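User: I'd like a close look at a single part of this structure, please. Take your time and walk me through what's there.

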Amino acid sequence: MHKYYFFFQRFLKTIFYSESRFTASMHVEALQVLLQGLCGGRQEKLKIHEICLKSGTNLGVEASEVHLLCSLSQTDPVWTVRHVGGPMRGAGAEQLPAHVRSVLESSISSNALRFFYALGYKMDYELVRIGYVFQFQRVVPITVTATMLCKVPKLHAIDEAIPVTPGIQLVELTAPASTENYSEAVGAISSFAEHLAPLIHLSKPGVPTGVVPTASTAAASLVSRGAMKVS
Amino acid sequence: MPVKWLCYWQPSGGTTVSSQVLVDLIKSIESMNGVRSGRWQVTASQHRPIRRDQAVQVECARELLGVAFSEAPNKYYFVLRPDHMVVEADSTIQSIMENLQVYRNHLTVVFEYQLGDFHVKAGRAVIAHSENLRGIVLEVEYLPVSSLGKTHQLMQEFVDIWQEVAAQSMTGRIVHLEPNFGDYSLSDQYSWQHTALQYISLMVHFLSQRTN
């Protein structure tokens, strides 16, 4: 089954509010508290080594790209291969508040990188995403991730990864949908995004949003409440 | 996972394989064991790379082999022989490969089993969408033990007995095709990856035989 993922993206700027007495990581922590409250605390750490591969010269009907994801948050690494299609286009797509893209994923054995090299793919870039992920069920399964993107200083040196934009995290909301139910998924993800409105504005990738004026106050309030155990 | 031996029927010199051979082999199975009928299918494919510009070479594997088992419908396996690699993935990998459009399906061989009890299957290998019979295939499975080393002698004895039974009415012999699992970094513990490699090796063997 083809899955369509709705991408809402927003860079959570934490260093903007330097005049506040709170630390730079305050807003990230606040988002965590907010999300824990919404989902009942089912949070998981995320550490993913992502390798983007591009097809070699002259290979294939047209140039193609595929991503290998190695999840490092469990005891044994778990490999996945992902292919993302282009965003849905046309007047209908413009009206939607989110990007709709076809995403295909498969788990794959740990020799995946050697396999794709043998098929003629070459590494374009690699990065490490570190952060956390929350899963919600609101009509459709919704995944919220807040991650720091880290660049890898030399080939596969993931333990030496350094943040590309220190203090700034990428927040993404995604939900799977089929061709039959994607308007349901759009509705679910839009209304879920409203829960996060006190802290961040979420929008389609490429559409700039400002920083929420009330974010600093909201963050402070969330963090002080979060200090009490959320059950 | 139970150890499987994959064998094929080698007709004696001058004769070719035919569907009658399968009928006779099934009779020989029936004379040895209780019978329970069932259907299984194994689909093995050979893919070739797609070059946008035919005049220009591409640095890539010249042949990508894949196999799917009706007994394991959520999985798909690839074998790259020069690189000694067996890759295991979900069946969605086939859709991913179709979207990438880098390799094209060149040929498919279907192994169709008509009969089996819990130890043995017998069937045919045919080129997909044609009546082109390429071989008679036999699969022997030994359930209690997963170690290749520990089961080798037992499996050989079973095949020898079956050979004797079959020889009473047929000429030809049962040949066990055993790839070098160690070369592909596969261990003594039997798995679907071992099965994938056996089927791919058998497909390559059948395709290399000249037909009438």
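How many salt bridges does the count come to over all chains? And once that's settled, please zoom in on the interface of chain B and chain A.

Analyst: Bear in mind that this is a predicted model. Over all chains, the count comes to 15 salt bridges. One of them is within chain A: R129(A) pairs with E172(A), with the closest N and O atoms 3.7 Å apart. That pair ties together distant parts of the chain, since R129(A) sits in strand β6 (residues 121-138) of chain A and E172(A) in strand β9 (residues 168-174) of chain A, 43 residues apart.

Now for the part you asked about. Across the interface of chain B and chain A, the rule finds one salt bridge. The partners are E59(B) and K122(A), and their closest N and O atoms are 3.7 Å apart. On the chain B side, β4 (72-80), β5 (85-90) and α2 (93-100) each supply at least two of the residues that touch chain A. Sorted by class, the residues on that side come out as 19 nonpolar, seven polar and eight charged.

As for the extent of the interface, 34 residues of chain B are in contact with 29 residues of chain A. Together the two chains bury about 2600 Å², and 60% of that is on carbon and sulfur atoms.

Helix α1 (residues 19-32) of chain B packs with helix α3 (residues 148-167) of chain B at an angle of about 115°, their axes 9 Å apart. The crossing of α1(B) past α3(B) is right-handed. From α1(B) come L25(B), S28(B), I29(B), S31(B) and M32(B), and they meet I161(B), W162(B), V165(B) and A166(B) in α3(B). That contact has seven nonpolar and two polar residues, with no charged ones. The side of chain B that touches chain A, by contrast, has eight charged residues.

Key: Residues numbered from 1 in each chain as written. Chains lettered and ligands numbered in written order. Predicted model: local features only at pLDDT ≥ 70, side-chain atom pairs only at ≥ 80, totals over all residues. Heavy atoms only, no water. Contact = heavy atoms within 4.5 Å. Buried area = accessible area lost by both parts, 1.4 Å probe. Salt bridge = Lys/Arg side-chain N within 4 Å of Asp/Glu carboxyl O. Helix = DSSP H or I, 4+ residues; strand = E, 2+ residues; numbered from the N terminus. Nonpolar A, V, L, I, M, F, W, Y, C, P; charged D, E, K, R; others polar. Axes fitted to C-alpha atoms, helices over the stretch in contact; angles between N-to-C directions. Left-handed = near helix turned anticlockwise from the far one by under 90°.
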